[in-house]
Amino acid sequence: MGAKTKAERQQLFLFTSGILIEQRQTQGGVLRTAVLLLGACDTDTEGPRRLAALVLVGSCGALLVYGFMAPPSRSVLRDEEGTVGQAGRAVTLSCSYSGFSAPRVEWKFVHGDTTSLVCYDNKITASYADRVTFSQNGITFQSVTRKDTGTYTCMVTEDSGNNYGEVSIQLTVLVPPSKPTVNIPSSVTIGSRAVLTCSEQDGSPPSKFLWFRDGTLMPTDPKTNRIFSNSTYVLNETSGKLEFKPVTASDSGVYTCQAQNGVGNPMRSDAVRMDAVELNVGGIVAAVIVTLILLGVLIFGIWFAYSRGYFDRAKKGTSTSKKVIYSQPTARSEGEFKQTSSFLV
């Protein structure tokens, strides 16, 4: 323990410079105050720190007060948590840092289950090299697309690996919606369930969908508008699904869907007419009756043909039989041979 303390003291009193910060006259003599900057000391686990000593020098002697100076603070900063860029234009993601003597910078991109490395060891990776540039203040996309939307993390470390800091920035690339596609049945039965769908895949952020019937905007709650008060539907603006449960007679009309996300102009789909029709009970009954009559006529015809023996005659006509003609022999003399009978097959 004593050897260790002695070694530390030898290191502590090895100063490199001194600065006189105050000198004033007192009754006992001249009092001088100085700060000594001593050599680096790495006795702690946080890395090297410089040692400072305060020396009070007076006529009666000197007083030495010393201690460790705090290491320089290290930080990684961002200008803002989120960045918005227009598709096809340049975007810069800023990442500033301080307190690193030999910083090594990396950028990571995460979107859903996809993770990729944009920059490694202060160099842009091959997959981004043709459209991204690196600087000490961040990275710059020459032209962003919808696929660049996601979370980017700036990670800064010392070459030695002792210090580390990171920040994350959310990038949203703005893309106007495309013309939506719809799936609308041309005819539905009153009292049944009907689902109308609307979708588009290009808008960023994702589009919201509005529905129109005969040119009038359909509210989310049909009871809030007198025109749609007799309808019972559920409208989902996020998924674009319009569900009638059940369909009423007032639901007939021309339907269109509009996609919008605050970027560019809203886009409307083609107009499609949907008719709500009554269930034709009379037609169904008539069809059943006609089917039963035809079935009865068929059964009667089969019975009539069987009772008249048409099926038996057909069997006899197709079967084969053998006919035998036999005649009794007549008297004949001995030694005389004569044909007495014949067979016809």
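This is a short talk on one protein chain and a few of its local features. Please keep in mind that the model is predicted.

Let's start with the whole chain. It has three helices and 25 strands. There are 345 residues, and 28% of them count as buried. The chain exposes about 22,700 Å². Carbon and sulfur atoms supply 56% of that area. Now the contacts. Take those between residues at least 6 apart in sequence: 51% of them join residues at least 24 apart.

Look for the four strands in the order β16-β18-β22-β21. The sheet is open, and the pairing is antiparallel. Which strands stand at the edges? They are β16, residues 181–183, and β21, residues 233–236. Each has a single partner strand, so one side of each is left without a neighbour in the sheet. How are neighbouring strands turned? By 10° against each other on average, ignoring direction.

Stay with β18 and β22. Strand β18 covers residues 194–199, and β22 covers residues 241–244. Three bridges join them in the antiparallel sense. Find A194 on your screen. Opposite it, in β22, stands F244.

The peptide bond from S204 to P205 is cis, with omega near 0°. The second stop is P246, in the loop between β22 and β23, where β23 is residues 253–260. Here K245 and P246 are joined by a cis peptide bond, with omega about 0°.

On to phi angles. Which residue has a positive phi of about 65°? That is N122, and it is not a glycine. N122 sits in the loop between β10, residues 114–120, and β11, residues 123–124. You will find D214 in the loop between β19 and β20, with β20 at residues 216–217.

Last, the surface. L279, I284, V288 and L292 form a nonpolar patch there. Together they have about 390 Å² of accessible area. Pick out V288. It lies in helix α2, residues 281–307. V288 has a relative accessible area of 45%, so it is partly exposed.

That's the tour. Thank you.

Notes
Residues are numbered from 1 along each chain as its sequence is written. This is a predicted model: local features need pLDDT of at least 70, side-chain atom pairs count only at pLDDT 80 or more; totals for chains, interfaces and linings use all residues. Side-chain values use heavy atoms; hydrogens and water are left out. Patches are made of residues with over 30% relative accessible area and no salt bridge: like charges are joined within 9 Å, nonpolar side chains (Val, Leu, Ile, Met, Phe, Trp, Tyr) within 5 Å. Accessible areas come from the Shrake-Rupley method with a 1.4 Å probe; for residues, only the protein chains shown count as cover. A salt bridge is a side-chain nitrogen of Lys or Arg within 4 Å of a carboxyl oxygen of Asp or Glu. Helices (H or I, at least four residues) and strands (E, at least two) are DSSP runs, numbered from the N terminus. Buried means under 20% relative accessible area, exposed over 50%, partly exposed in between (1.4 Å probe, protein chains only). Two strands pair if DSSP finds at least two bridges between them. Axes are lines fitted to C-alpha atoms, for helices over the stretch in contact, and angles run from 0 to 180 degrees between N-to-C directions. Contact means heavy atoms within 4.5 Å.
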